[in-house]
Amino acid sequence: MQHTSIITLRNVGVNYEQSIALEDVNLDIFEDDFIGIIGPNGGGKTSLVKAIMGVVPHSGEIEFAPALRRKNHLKIGYMPQVSQFDTRFPISIEEVVLSGLQSEKGFFGRYTHADRQRAIELLKQMGIDQIASRPIGEVSGGQLQRALLCRAIIAEPKLLILDEPTNFVDNNFEREFYALVKQLHERMAVMIVSHDVGTITSLVNAIICVNRHVHRHNSNILTEEQLLNYDCPIQVVSHGHIPHTVLEHHTGDGCKHH
């Protein structure tokens, strides 16, 4: 089966003053990808995502396929961690969702009746349409996380990036959340940054290990021997049919290319 690349990274690096976050990254992301991004804290997972989204300076080349472009912006949906979202900002849950259209509407663009109907429909799918008018500072972390997912997909992206998506999701919704993401993958590529590798390995079709260097593994199963070869600080422990993974203390410099 031939895969179509939607994003190509060649010799990409990201530096913060004297600190090297990423170096010599060569990576393709395909239209049918469902990727789990793993690695230690500070290893560069967030820098990789931000470089792809164009919000941090980088060296090297990042190319986007025409299918990922829409006028003056990229068809990428992003769901940040709740902890990175300022809940003191005086907007409602519905306005949070609608803000996902801002890149195509422009800063002064007006939301149409159809836009608002779409936002309410997405909130209804998440089971939180009854709090659409409530200020974001008055809802739970799990409710805000659901709204942020609506915000990420309202513009019908071709790539959805989720940053630690279930950190604030209640246990009752977690299974439903992953089922929804699996459905979304039927019409868009998905990248999940997560420490909960044991759960996402039952969903993804590829794993990217990020630890200053980047290695793509085209499977959802990683053996301890492979991880040792890549010098990635991950230990894999199997329980039944789903492998569970925990991060350990890192002693190497990064993931080596093989």
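Q: Which way do strands E3 and E10 run, and how many bridges join them?

A: Strand E3 (residues 34-38) and strand E10 (residues 206-211) run parallel, with four bridges between them. Two strands pair if DSSP finds at least two bridges between them. Strands (E, at least two residues) and helices (H or I, at least four) are DSSP runs, numbered from the N terminus.

Q: And what sort of model is this?

A: The model is predicted: local features need pLDDT of at least 70, side-chain atom pairs count only at pLDDT 80 or more, and totals for chains, interfaces and linings use all residues. Residues are numbered from 1 along each chain as its sequence is written, and side-chain values use heavy atoms, leaving out hydrogens and water.

Q: OK. Which residue in E10 is the bridge partner of Ile 37?

A: Ile 37 has Ile 208 of E10 as its bridge partner.

Q: What's the strand order in the six-strand sheet?

A: The order is E7-E8-E9-E3-E10-E11, in an open sheet with mixed pairing. Strand E7 (76-79) and strand E11 (213-217) are the edge strands, each pairing on one side only. On average, neighbouring strands of this sheet are turned by 15 degrees against each other, direction ignored.

Q: Which helix packs on that sheet, touching E7?

A: Helix H5 (residues 141-153) does, touching E7 and strand E8 (159-163), and its direction makes about 170 degrees with that of E7. Contact means heavy atoms within 4.5 Å. Axes are lines fitted to C-alpha atoms, for helices over the stretch in contact, and angles run from 0 to 180 degrees between N-to-C directions.

Q: At what angle does H5 pack with H4?

A: Helix H4 (residues 113-125) and H5 pack at about 135 degrees, their axes 9 Å apart. The two helices are therefore oblique to each other (under 35 degrees is roughly parallel, over 145 roughly antiparallel, 65 to 115 roughly perpendicular and the rest oblique).

Q: Which residues meet there?

A: Arg 118, Leu 122 and Leu 123 in H4 meet Ala 147, Cys 150 and Ile 153 in H5.

Q: Changing topic: what's the order in the three-strand sheet?

A: That open sheet has the order E2-E1-E4, with antiparallel pairing. Strand E2 (19-30) and strand E4 (59-64) are at the edges with a single partner strand each, so one side of each has no neighbour in the sheet.

Q: How many bridges pair E1 with E4?

A: Five bridges, with strand E1 (residues 5-16) and E4 paired in the antiparallel sense. Arg 10 has Glu 61 in E4 as its bridge partner. Helix H1 (residues 45-53) packs on the sheet, touching E1, E2 and E4, with its direction at about 120 degrees to that of E1.

Q: Which residues of H1 are buried?

A: They are Lys 45, Ser 47, Leu 48, Val 49, Ala 51 and Ile 52. Buried means under 20% relative accessible area, exposed over 50% and partly exposed in between (1.4 Å probe, protein chains only).

Q: What's phi like at Asn 11?

A: Phi of Asn 11 is near 55 degrees, a positive value in a residue other than glycine. Most residues other than glycine have a negative phi. Asn 11 lies in strand E1 and counts as partly exposed, at 48% relative accessibility.

Q: And Arg 212, where is that?

A: Arg 212 is in the loop between E10 and E11. Its phi is positive too, near 75 degrees.
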